[in-house]
Every structure is written in C-alpha cells, then in structure tokens.
Amino acid sequence: MLTHEGSYDDQGGSENGYQNSARGFDRPNQNVFDLSMDYSDDEVLLDWEQYSGMRKYRACGCEWNWLIRCLHVPTTPPEWWYRYSRRQRHILLGLIASAVALAITLIVLVVVVATHGGLSHFALGGSDAANDVLPVPEDAMCNWTQWRLPEAVRPEQYWLRLTPQLQPPYRVDGTVKIDFHLANAQRCIVLSAAGLDITSIRLSTQQQMPASVVYNEDLGQATIKFGQEVNPLMTAHTLQLGFNYNLSDGLSGFYQSVYTGADEQDHLLATTQFEANAARKAFPCFDEPAFKAEFEVTLVVPENLTALSNMPQQSASTEGLGEGLVARTFMHTPPMSSYLLAFIVGNLTSVSGTVPAYTAAGQSAADAGPSRPVSVWGTPGKEESLREALDIAKKVLPAYEGLLKVPFALPKLDLVAIPDFAAGAMENWGLITYRETALLLDPEQAGISDKRYVASVVAHEMAHQWFGNLVTMGYWGELWLNEGFATYFEDLGATAARPDYLYKEYFFDEKETAAFEADALTTSNHPLATPGLDSDDAIEAMFDGISYDKGGSILRMLHAYLNDTIEYTSGDTFLAGLTQYLQMNEFGSVTSEKLWQALQASTTLNIPDMMHVWTYQQGAPLLSVTLRGSDVLVSQ
C-alpha cells in the first residue's frame, strides 16, 4: 500500500512553513492557508492532498518517488476531483475499489470454470492427486499415442447393459452410458477398447453432433472424435456408446467357460476375468485402476439361468424382450476400478449362510444393521463340495473386520468356482471367482494339504476386499499394495477359520524364503514400487514373488518392529495405522507414500524415511557377521 506524507515545518502556521513553489500545490492559484476558512473544519485543515509536490510515496519501508517519476504517473488529480468534498471522494474511492475487486473475482471464476470443467469435479479428487482432472492440450488428445490414458477425462458413473448369447456365434450386444468430467475443452476423447466394434456414439449435451471412432489396437484404445469442440460443464457429460463383440474363447475379458455336466454333456457359462487390463475387451471404459467410478450393470439373459454381479440384484424385467429373456439389473456399486467389475451367467447352484453386521466399539448389535449373505457357487451337482469354503468365508469375514475396525463395504459376498480359470482366484469386489481346485473340497477325499490350500486362497482373496478393492494402488507399478497385504493377511484370516493349520508358524518357510529367492534373481528382479510400466508384458511381470512374498514379508517385518512381536495385541500400533490408512483412503487410489504416512500417524518413528529404501530399492540388505574372540561384529 502506498502512503504519502507532508514535509510540514511545525514552526508556526505561516505560508513560509512550506516551500512555496509553483509545483508545490495541487491547486496553484489557491493560498495554502486561507484565513477565510473555518479552521475548526478538520476536513479542510487536514486536506494534505493539496501539497502534491511534497508527497512521498512509500511501500514496504521504501520510497518509490523515483519509480513514479520514471513511469510518468500523474500525481495531481484533475480539477473536477476537488468539486467533491473529502467525504464524497472517500465514497467514490470505495465504490471504485469494490468494483475492481468484483471484476477480479469474476475473472478468477471464469478461469477456474474454463480450465477445470466446473466446480463439481473437485469432489472426485479430494486430497488424492491421483484423482485430479488434469488439462490436456486439445490436439494431443486427438493424436494420442501413449500407453496410459490422458487425465483430462474422468469417469464418474457407468450404466452398462449387456445381452450375451450362450450359443454360436456367442455374440454380445451392449450399450454403455458414461458420466464423465472434462478438465478443458476437447474435440476428442480417448478411452480403452479392445476387440470390440463401437456402432453408435451419442453425447447427451451435444445433440446431433457428428462423431467417429479411431482404434489403436496396439494400445487397446479408441479415440472418439467429435464434429465440434466439447466444453467443460458444471455437471457431467454423458457419453452413450453402442457396441458388440463375441464372447472370448480365451480366459480373459467376457469369456466362455465350458464344463462337462453330470449328464456327460458339455455346458457353457459366461464369466469375466478383467485383471489387469481386460475390462476393455468387454465394454468401452477407462481401464486403469485410478479411474474409479460407480457401475450399474444390467444383464439380459435367459430366465432359467443364474446371473451374478458385484452387487445384489435390484430388479428384473421382461418388458420389450424376446420370449424367455429377462433383464436383471444390479444395484449401483461404490466407486471402484474397472478391473474389479465382474458378471457371470450360467446354470449354477449354491450354498449360503449369513454373517452378522459389523459392530463398532460402543455400538449395539441392534444398531449395526442387517446380516450379510455369504454364498458359495458352483456348477450343478457340486453342492457338498462347496460347504467347506462357505464355513471358512463366514469366519474370515468377521475376523478381518475385527482386526481392521473397518466393515466390509458391500451388502453381500459371493464366491464362485469357475471350471475354466487361468489364475488361482480373482478378488472381484463382492463376486470372487476361483479355479475349482482352489474352492471345492470333497468332504470324503480331501486331505489336510487340500483343506489348508483352500482356506489360504479364500482368505487371500477376501483380504483384497479391503486391500485392493476398498483402497487401490494408483497403477500396476505398486501392485504390492494389493498383493503384499493379501499375502500377509491371508495367514491371519485362515488362522481365524482353521487355527490348527499353523499358518503363521509357516510364514517364513513358505513366503519369506520365496521372497529371498525372487529377490536374488538378476533378470526379473525389481523394487516393490516400479514406475513407468508401459506394456501388457511389463504389467503381467509385476505379478511375481516380489509383489506377493517380499511385499508380505516387509509388512510382517514392519509389524514386528513397531510392536516388538509378530502377534496382534490390544493397542497394536501397526493395526491402528492400517485402520487410519483404510479410512482416509476408502474408495480411492494410493501410492506407497500414503501407506507410510498413515502408519507414521500411529508412532513417533519416521516411517516414510525408514521404508523409502525398502520400497524403491531392489534386493535386501547384506549383513556380515564376524567373530573376533568373544566379540561379534555385525556390519552392513
């Protein structure tokens, strides 16, 4: 702020008290002191503005008169300015200042809306930078050649409707509506799509706008090009796409699983496997972990078949459909990654039970809510082989809730044995799929090793319902945040279900030894957190002993260090930090640093600094032990 001071000589009130030069007065023809004035009027007596020649301009403790002179800034107000009284001039200055402040505020708001697509999208990001909508130059979006999707578009919600045929040619017809936010004006939108044909495009906010699609099969992407620029909105845009493809005969995407029934005939069910990046084979989407959104799924299927998805069915309708078909619509999911979406259609049978609602500290069971159904599914004739897994799941779920103090986020849990399945199991949220050998147990023939294996795999996938589903790694380079936790916690969950199987006692032999072996490899070794993955092969390579066994071993090590024991006790520092980690980041995506920061809050130790080298450096510390007489020297 500029200030001005008069250089008044306080030796009396004569006109000699000031240097009376022509340039010394704002009003040169007026006496400095007019004896006709009423000097009891403070406004007249203290109107120092008339002495502009003696004015000093100061700001931040410095005089700026030289700058005023160099810039030729006028320092004398125009004559009309003095037609108003001092009070009136103050009012005018206040109005002018208010108008300038209002104009600046409006300009800032316009810039925010223009660059961020309105204000509503900020609710998506919270404090997680991975969820922010970042501008991308318009031309760059139309000519996109990068492995990762641009961050200028963020999905908010999907409405997916699929009609699969379970007989040749196994065609799937689908529509998807995607609510999304734009960071800045774009003529193109890039999303994930592989092996499907987009047949129609419609943008809800731009009626009759011409649009086309260009596929990049190498990247598994489709670029939607509009006939005119699409501008950000205060609310979301809705993109509606029609598409079709055939059920895959492989083991990823939406695929055919063939099995031989009790009638010795081949039967087919349709199921999904989307991890790591195969959701794009089933519908156009933003197929990266950090692009979390809600999903509403509708499956149009034969009435006599079972249809399952992540959430419970909320409605069924035959209106407008062919004979024998029904549209089964499932409840909205919470915000989740596309690779965790799942749906299954086929002739299935199940055994079911319930688990009481989680009761928080100080909460009565009556206030906790309804019990949650837990079901285990398989092909017809295998009901008895499903009961062991059901009993395990019913014990593991409340055990994890009790340890973590965070309830299971969905209203039901299904575990499904799939006849043709590439992995051991997949943690789809609320609809976990398993290879049959990892879920089914023949009560007459199963040995202890089989029972031990099934309990471990069930507990591993259920641990993912918190670590990976509720809180997800931002990208596949930090897969260990999913798999390391599931590897460590599977022993805790399996022990809750089958305490006689000594899971925790075998951790070192079964997992930590495997971690050292993986860490000793020279060609495939990598740090826990590995940035820069830019291919399918690089992502698949992360599903290894480093992400699983080393990740779990490091968590076990840190837990023991923080508590001086590997046992879980009341007041457990490690568990307290994990509870905060889950609560702070629920329905979001994270990096390793978010985990270490959350654990930091529960201890006086500097966890981020301590764990940085374990996270970003491959290998393990080498300790040398030397015996010198009665002394033992340890060096690293």
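This is a predicted model: local features need pLDDT of at least 70, side-chain atom pairs count only at pLDDT 80 or more; totals for chains, interfaces and linings use all residues.

**The disulfide and the elements beyond**

Guide: The torsion about the S-S bond of Cys142 and Cys188 is about 100 degrees, so the disulfide is right-handed; the word disulfide stands here for a pair of cysteine sulfur atoms within 2.5 Å. Residues are numbered from 1 along each chain as its sequence is written, and side-chain values use heavy atoms, with hydrogens and water left out.

Helices (H or I, at least four residues) and strands (E, at least two) are DSSP runs, numbered from the N terminus. Cys142 has a relative accessible area of 17% and is buried, and Cys188, with a relative accessible area of 1%, is buried as well. Buried means under 20% relative accessible area, exposed means over 50%, and partly exposed lies in between, with a 1.4 Å probe and protein chains only. Another cysteine, Cys285, counts as buried at 0% relative accessibility.

Burial can also be followed along a strand. Strand 12 (residues 294-302) has nine residues, and seven of them are buried, so this strand is largely enclosed by the rest of the structure. Strand 12 pairs in the parallel sense with strand 3 (residues 153-164), over six bridges, where pairing requires that DSSP finds at least two bridges between the two strands. One of the places to look is Tyr158, whose bridge partner in strand 12 is Phe295. With strand 15 (residues 325-330), strand 12 pairs in the antiparallel sense over five bridges, and Val301 stands opposite Val326 in strand 15. In a regular strand the side chains alternate between the two faces of the sheet.

Next comes an open sheet, which five strands form in the order 17-18-19-21-20, with mixed pairing. Its edge strands are strand 17 (349-355) and strand 20 (425-426), each of which pairs on one side only. Strand 18 (residues 372-378) and strand 19 (residues 413-418) run parallel and are joined by four bridges, and Val376 stands opposite Leu415 in strand 19. Helix 6 (residues 387-404) packs on this sheet, touching strand 17, strand 18 and strand 19, and its direction makes about 30 degrees with that of strand 17. Contact means heavy atoms within 4.5 Å, and axes are lines fitted to C-alpha atoms, for helices over the stretch in contact, with angles that run from 0 to 180 degrees between N-to-C directions. Helix 7 (residues 448-463) lies across strand 19, strand 20 and strand 21 (431-435), and runs at about 150 degrees to strand 21. Arg452 is found in helix 7 and, at 18% relative accessibility, counts as buried. Leaving aside residues up to four places away in sequence, Arg452 touches Tyr501, Leu502, Tyr503, Tyr506 and Glu510.

Helix 6 and helix 8 pack at an angle of about 125 degrees, with their axes 8 Å apart, and that makes helix 6 oblique to helix 8. Angles under 35 degrees count as roughly parallel, over 145 as roughly antiparallel, 65 to 115 as roughly perpendicular, and the rest as oblique. The crossing of helix 6 and helix 8 is right-handed; a crossing is left-handed if the near helix is turned anticlockwise from the far one by less than a right angle, and right-handed if clockwise. Among the residues of helix 6 that meet helix 8 are Ile392, Val396 and Tyr400, while the residues of helix 8 that meet helix 6 include Phe489 and Leu492.

For the protein as a whole, there are 14 helices and 25 strands, and buried residues make up 48% of the 636 residues.
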